[in-house]
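Hi everyone, thanks for coming. Let me put the structure up on the screen, and then we can walk through a few charged pairs together.

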Amino acid sequence: YDDSPPIFDDHLALDLVDPASKDAMPQWCSPNKGQDGGPRGYAYVPFRQRYAEEGLKSAYQKGARQYVVLGAGLDSYAFRQPEQQRDLKIYEVDHPDTQHRKQQRIVELGWNIPSNLIFSPCDFENTKLRDALEAVGFDRTQPTFFSWLGVTMYLSPESVSDSFTEVAWLSA
């Protein structure tokens with residue numbers, strides 16, 4: 001929606017969005033002023049994603065070979081990942097219902113799931129993160145980059161705190 005160069009280029013993001021929701025996208029992506037006269041926070045999402053992926057790139061250069069996306073939602077990194085980083089295991093951790101909807105959308109789009117993408121269902125309110133990741137083969141002895149964007153505001157403070165404790169325990 002912006003002029004080039006973009007803050008962050010995710011050419012697949014809108015494909016993953018449910019087609020029924022796409023009509024609402026321009027109002028959320030517009031740089032125009034909001035109803036209160038202040039600028040919309042539309043740049044927040046691309047800025048945070050760019051920041052996270054630049055952090056991942058740095059961590060990869062330092063030896064991290066696991067990437068855990070907590071609350072992955074419609075994240076498309078696994079489908080945009082650089083070819084030279086295919087040795088990176090990508091764990092997408094999210095609520096089982098959310099993952100199911102995303103996987104259905106991937107099928108609808110006819111996309112192939114990359115061999116290094118691992119879905120890890122986890123209800124952060126009722127499941128220990130370590131249990132969810134260990135169930136899908138996560139190796140806590142390996143350097144890992146964790147990303148958690150846009151989820152904590154939907155969880156209880158206790159679940160957020162417990163999840164951060166779990167991330168510390170899971171980190172090599």
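Arg-130 counts as partly exposed, at 22% relative accessibility; partly exposed sits between buried, under 20% relative accessible area, and exposed, over 50%, with a 1.4 Å probe and protein chains only. Its salt-bridge partner is Glu-166, with the closest N and O atoms 2.9 Å apart. By salt bridge I mean a side-chain nitrogen of Lys or Arg within 4 Å of a carboxyl oxygen of Asp or Glu. Glu-166 is buried, at 5%.

Before I go on, this is a predicted model: local features need pLDDT of at least 70, side-chain atom pairs count only at pLDDT 80 or more, and totals for chains, interfaces and linings use all residues. Residues are numbered from 1 along each chain as its sequence is written, and side-chain values use heavy atoms, leaving out hydrogens and water.

In another one, the side chains of Asp-10 and Arg-80 meet at 3.2 Å, N to O. That pair links distant parts of the chain, 70 residues apart: Asp-10 is in the segment before helix H1 (13-16), and Arg-80 is in helix H4 (residues 77-80). Helices here are DSSP runs of H or I, at least four residues, numbered from the N terminus. Arg-80 is buried, at 17%, and a network of salt bridges links Arg-80, Asp-10 and Glu-53.

Finally, look at helix H5 (residues 96-109), where Arg-105 and Glu-108 lie three residues apart, about one turn of the helix. Their side chains form a salt bridge at 2.9 Å, N to O.

Technical notes
Helix = DSSP H or I, 4+ residues; strand = E, 2+ residues; numbered from the N terminus.
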